[in-house]
Amino acid sequence: QVQLVESGGGLVQPGGSLRLSCAASRSIFSINAMGWYRQAPGEQRELVAVFTSGSNTNYADSVKGRFTLSRDNAKNTVYLQMNSLKPEDTAVYYCNAKVLARVGVMDYWGKGTLVTVSS
């Protein structure tokens, strides 16, 4: 089991910045993949950025160069620094952790944090 607690969402003007945090209830060394997805109104949930095996990081094309994923292993926390925010970044952002178990990949989700980019 992995509990994920997100924080850091809010309202920001276009061009502004926010940092999201996701704290895991266990060591992130025991998690196979961890990162962020988002879901805009009327849209499907999509990958934003994720750490995969080792320190490899995948970003959605739409956020490359603007968003940065980082982590603090001692705090079991992953961060998403979001710069140059655009209105189309408005969405609920969900933290995700994937753990490989005997039955397959177990998916864990946070409750989500709302990011609104608007003037």
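## Overall build

Among contacts in the chain between residues at least 6 apart in sequence, 53% join residues at least 24 apart. The model is predicted. The chain contains zero helices and eleven strands, and its pattern along the sequence reads β-β-β-β-β-β-β-β-β-β-β. Its radius of gyration is 14 Å, close to the 14 Å that the globule rule gives for 119 residues, so the chain is as compact as a globular protein of that length.

Along the principal axes, the C-alpha atoms fill a box of roughly 45 × 30 × 25 Å. Of the 119 residues, 39% count as buried. The chain exposes about 6,400 Å², and carbon and sulfur atoms supply 48% of that area.

## The aromatic cluster

How many aromatic pairs does the structure hold? There are two. In one of them, the ring centres of tyrosine 37 and tryptophan 109 are 5.1 Å apart and the planes stand at 70°; this angle is over 60 degrees, so the pair is edge-to-face. The pair links distant parts of the chain, with tyrosine 37 in strand E4 (residues 33–39) and tryptophan 109 in strand E10 (residues 104–109), 72 residues apart.

Tyrosine 94 and tryptophan 109 also form an aromatic pair that is edge-to-face, with 6.4 Å from centre to centre and 90° between the planes. This pair too links distant parts of the chain: tyrosine 94 belongs to strand E9 (residues 91–101) and tryptophan 109 to strand E10, 15 residues apart. Together, Tyr37, Tyr94 and Trp109 form one aromatic cluster.

| Residue | Relative accessible area | Class |
|---|---|---|
| Tyrosine 37 | 14% | buried |
| Tyrosine 94 | 14% | buried |
| Tryptophan 109 | 34% | partly exposed |

Which rings does the charged end of arginine 45 sit over? One is the ring of tyrosine 94, with the charged end 3.7 Å from the ring centre. Another is the ring of tryptophan 109, where the distance to the centre is 4.5 Å.

## Threonine 77

Threonine 77 lies in strand E8 (residues 77–82). Is this residue buried or exposed? Its relative accessibility is 8%, which is under 20%, so threonine 77 counts as buried. The side chain of threonine 77 reaches the backbone oxygen of lysine 75 at 2.8 Å. Not counting residues up to four places away in sequence, threonine 77 touches Ser21, Cys22, Ala23, Ile28, Ser70, Arg71 and Asp72.

## Glutamine 3

Glutamine 3 is found in the segment before strand E1 (4–7). With a relative accessible area of 45%, glutamine 3 is partly exposed. Which residues is glutamine 3 in contact with, leaving aside its neighbours within four places in sequence? They are Ala23, Ala24 and Ser25. For alanine 24, the separation from glutamine 3 is 21 residues in sequence and 5.8 Å in space, C-alpha to C-alpha.

Terms used: Residues numbered from 1 in each chain as written. Predicted model: local features only at pLDDT ≥ 70, side-chain atom pairs only at ≥ 80, totals over all residues. Heavy atoms only, no water. Phe/Tyr/Trp six-rings, centres within 6.5 Å; stacked < 30°, edge-to-face > 60°. Helix = DSSP H or I, 4+ residues; strand = E, 2+ residues; numbered from the N terminus. Buried < 20%, exposed > 50% of the residue type's maximum accessible area, 1.4 Å probe, protein only. Lys NZ or Arg CZ within 6 Å of the ring centre and 35° of its normal. Rg over C-alpha atoms; globule rule 2.2 N^0.38 Å. Contact = heavy atoms within 4.5 Å. Areas by Shrake-Rupley, 256 points an atom, 1.4 Å probe, with all protein chains shown as cover. Polar contact = N/O pair within 3.5 Å; in protein donor to acceptor, adjacent residues only side chain to side chain.
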